[in-house]
Amino acid sequence: MTDKLLSMEKLSIGCVAPPGGSVVNKTGAWRTLIPVFKQEDCIGCRACELVCPEGCVFGNPKEKKFTFDPDYCKGCGMCATECPVDDIDMVREEK
Amino acid sequence: MAEKQEILEGAMAVAHAVARCRPEVIAAYPITPQTHISEELSQIVADGELDAEFVKVESEFGAASVILGASATGARAYTATSSQGLLLMSEVLWNIAGMRLPVVLACANRSLSAPLSIWCDHQDAEAIRDCGIIQFYAEDNQEACDQHLIAFKVAEDRRVLLPAMVNLDGFLLTHVFEPTILPDQELSDRYLPPYEAVLKLDVENPATFGAFTEPDKCMEGRWMIHDACMRSIGVIEEMSAEFEKVFGRPSGGLIEEYQSDDAETILIAKGSLCGTIKDVVDDLRDAGHKVGLVRIKTYRPWPTAAVLKALSGAKQIAVIERGASFGAGGIMTPEVKETLYDAGLAIPVHGFCVQLGGREVPPDGIREIVERAESGEKQKVYEYFRLRKEILPELVPGA
């Protein structure tokens, strides 16, 4: 059945797609601002990880180190807004 | 297998014809003048005469959503609605067309609010003209019944895979008792075998219908709806011919040409009004007038080639509509003009909105339209026929 489904290259009747479309569609391309995880004052509270609507912030609370996956981060800034110790900056991304 | 003619109310007859299509899921919400169709279908299911799931929903949006989901699992799905109900479905209907799901629905044509009216015109169906739903229009209850079988047959054809809608004029057909032959079950089963979906929702093989597309693919995804709709023209002709072979009735087809072969004046209309028009055509023919009717039975896809062939010999044309595009002209009139213009034919076309919200059009109204078309007057704007100016208020308050 998979050969009849929507892929990166081809459409299918009814635009029926296999699972995993949100992995294939790299929403990082939508981003204007990019987070900078400073890793200076992190207290390991996991707020950034928990509020990320894309589920693309991850890290280790014991080591107090968090980062994000730039392929999917849309740059919404919720992690930076919610960080209780202002350890995340949002900066304009230039390519 | 002799089929028996019975005296049946339109909506009841349609419900029994739909049951003979063996839909597996029906979801509907009551709205005048459609209600008798879904009411009778729920009775048929409750009585155990049809093995289907009848889903009671909270709105027409819910009804359309249920049949979308049901069809995506590979079930044959049906709903019926009218007017505001159809418009409440409209967001879902665009999705159904884009997901290429062959659901069938009936629209008991009724005016849109406001002002509130429960009576017939075609503005409800015409409001969703562009979404990729095949639209049939019945002249009488026999056609309304038979077109449901043809609708499923065409919609489910793998060359098409689009939703299809049978339009029957609210009250004028739904509530009128006419001699009707209900399609025989054995013949129906022969004509319409069970639906086999190409792709369907399946927990073992998960898939997303109508998935996200980037701008590099979306336009082609939309174009495929148009392509299938255009391809359905041939399929409608083929499946209508097959219907006639099995049942012996010419209920399908793209258009009906009534006395139009040698006609100098051709009227164009759809729906039950064509019964009145045919009577007027007969009278005028008796009086030596070369008048004919081209009845649009399939409105979407627009049957360009058939319409052009039927009209090409006319000296003047009058389109008689139960709809209008406020701020522009008619709905069907510009389509007729486009068909002629693209073929390089400069036949004068007059457009008349004869009825919104159930206004009656007596035979003398049709005769007046024929006279106006034949008078040589050049119509400058689409005309709201016999508009009662005497009841209008001051149109610019305080002016």
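Two strands count as paired if DSSP finds at least two bridges between them. Helices (H or I, at least four residues) and strands (E, at least two) are DSSP runs, numbered from the N terminus. In chain B, strand E4 (residues 77-81) and strand E5 (residues 104-109) pair in the parallel sense over four bridges. Within this pairing, B:Thr79 stands opposite B:Leu105 in E5(B).

The model is predicted: local features need pLDDT of at least 70, side-chain atom pairs count only at pLDDT 80 or more, and totals for chains, interfaces and linings use all residues. Residues are numbered from 1 along each chain as its sequence is written, while chains are lettered from A and ligands numbered from 1 in the order in which they are written.

Chain B as a whole comes next. Chain B holds twelve helices and 15 strands. Its C-alpha atoms fill a box of roughly 65 × 55 × 45 Å along the principal axes. A compact globule of 399 residues would have a radius of gyration near 21 Å, and chain B agrees with its 21 Å; the radius is taken over C-alpha atoms, and the globule rule is 2.2 Å times the number of residues to the power 0.38. Of the 399 residues in chain B, 52% are buried, that is, 20 or more other C-beta atoms, placed from the backbone, lie within 10 Å of the residue's own. Two residues are in contact if their C-beta atoms, placed from the backbone, lie within 7 Å. Among contacts in chain B with a separation of 6 or more, 80% join residues 24 or more positions apart.

The domain assignment, automatic or from a database, divides chain B into domain 1 (5-247) and domain 2 (255-390). Across the boundary, 26 residues of domain 1 are in contact with 20 residues of domain 2. On the domain 1 side, helix H5 (123-127), strand E6 (134-137), strand E7 (164-169) and helix H8 (215-247) of chain B each supply at least two residues. The largest share, five residues, comes from H8(B).

E4 and E5 belong to an open sheet of seven strands in chain B, ordered E3-E2-E4-E5-E7-E6-E12, with mixed pairing. Strand E3 (53-56) and strand E12 (298-300) of chain B are the edge strands, each pairing on one side only. From one strand to the next, the twist averages 20 degrees. Helix H6 (residues 141-156) of chain B lies across E5, E6 and E7, running at about 165 degrees to E7(B). For such angles, axes are lines fitted to C-alpha atoms, for helices over the stretch in contact, and values run from 0 to 180 degrees between N-to-C directions.

Another open sheet in chain B has six strands in the order E9-E11-E10-E13-E14-E15, and its pairing is mixed. Strand E9 (255-258) and strand E15 (383-384) of chain B each have a single partner strand, so one side of each has no neighbour in the sheet. Strand E10 (residues 265-269) and strand E11 (residues 291-296) of chain B pair in the parallel sense over five bridges, and B:Ile268 stands opposite B:Val294 in E11(B). Helix H10 (residues 304-311) of chain B packs on this sheet, touching E9, E10, E11 and strand E13 (316-321), with its direction at about 10 degrees to that of E9(B). Helix H11 (residues 332-342) of chain B lies across E10, E13 and strand E14 (349-353), at about 150 degrees to E13(B).

Note on methods: Buried ≥ 20, exposed ≤ 12 C-beta atoms within 10 Å, placed from the backbone.
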